[in-house]
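Student: Could you go through this structure with me, starting with the fold and then looking at a few residues?

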Amino acid sequence: MPFFVIEDHPLYRESLATLLRRIRLGETVVELDRVGGLPAAVKKHGAPEVICLDLTLSDSLGMSGVREVKHHYPNSLLIVVSEQSSDEAENQCLEAGTIGIISRIPLGSLSVYRKCTDSKQ
């Protein structure tokens, strides 16, 4: 099952996708810049195993994007990427069905991805 990275900033998107490709060799990683591209990408690549979703995108903002993605893909692991690293933001994300939130601070990201993706194996 493919991994999807939905991030509007090209450098962050590429970095996250590269990280996932290194952790899960041979897995398909689909890069998108908005939530609106997700349905067509799912038709082309199949249902996502993991979705990494930026919390602030051009076509969704905050928890609305999280809820929309989780509603349409309830069996996918959803990880939020955000500059907001407060306990409140993390609690809101967890309540909406995510398995975690990754701060844009790069340290620790690799271990979070490994933990999240290892839970599906």
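Tutor: What follows is a walk through a predicted model, from the whole chain down to single residues.

Student: OK, how many helices and strands are there in the protein chain?

Tutor: The protein chain has 5 helices and 7 strands, and along the sequence these follow the pattern β-α-β-α-β-β-β-α-β-α-β-α.

Student: And what share of the residues counts as buried?

Tutor: Of its 121 residues, 47% count as buried, while the accessible surface of the chain comes to about 6600 Å², with 51% of that belonging to carbon and sulfur atoms. Turning to contacts between residues at least 6 apart in sequence, 64% of them join residues at least 24 apart.

Student: Which way do β1 and β2 run, parallel or antiparallel?

Tutor: Strand β1 (residues 3-6) and strand β2 (residues 29-32) run parallel and are joined by 4 bridges. Between β1 and β2 the chain passes through helix α1 (residues 10-23), and this β-α-β crossover is right-handed.

Student: What stands opposite I6 there?

Tutor: That is L32, in β2.

Student: Where is D54, then, and is D54 buried or exposed?

Tutor: D54 lies in strand β3, which covers residues 50-54, and with a relative accessible area of 3% D54 counts as buried, because the cut-off for that class is under 20%.

Student: What does the D54 side chain reach?

Tutor: The side chain of D54 reaches the backbone nitrogen of T56, at 3.2 Å.

Student: Switching to cysteines, how many disulfides does a search of the whole structure find?

Tutor: The search finds 0 disulfides. A disulfide is a covalent bond between the sulfur atoms of two cysteines.

Student: And C52 and C93, buried or exposed?

Tutor: C52 is buried, with a relative accessible area of 1%, and C93 also counts as buried, at 0% relative accessibility.

Notes: Residues are numbered from 1 along each chain as its sequence is written. This is a predicted model: local features need pLDDT of at least 70, side-chain atom pairs count only at pLDDT 80 or more; totals for chains, interfaces and linings use all residues. Side-chain values use heavy atoms; hydrogens and water are left out. A disulfide is a pair of cysteine sulfur atoms within 2.5 Å. Buried means under 20% relative accessible area, exposed over 50%, partly exposed in between (1.4 Å probe, protein chains only). Helices (H or I, at least four residues) and strands (E, at least two) are DSSP runs, numbered from the N terminus. Contact means heavy atoms within 4.5 Å. Accessible areas come from the Shrake-Rupley method with a 1.4 Å probe; for residues, only the protein chains shown count as cover. A polar contact is a pair of N or O atoms within 3.5 Å; within protein, one must be able to donate a hydrogen and the other to accept it, and residues adjacent in sequence count only if both atoms are side-chain atoms. Two strands pair if DSSP finds at least two bridges between them. A crossover is right-handed if, with the strands pointing away from the viewer, the path from the first strand over the helix to the second runs clockwise.
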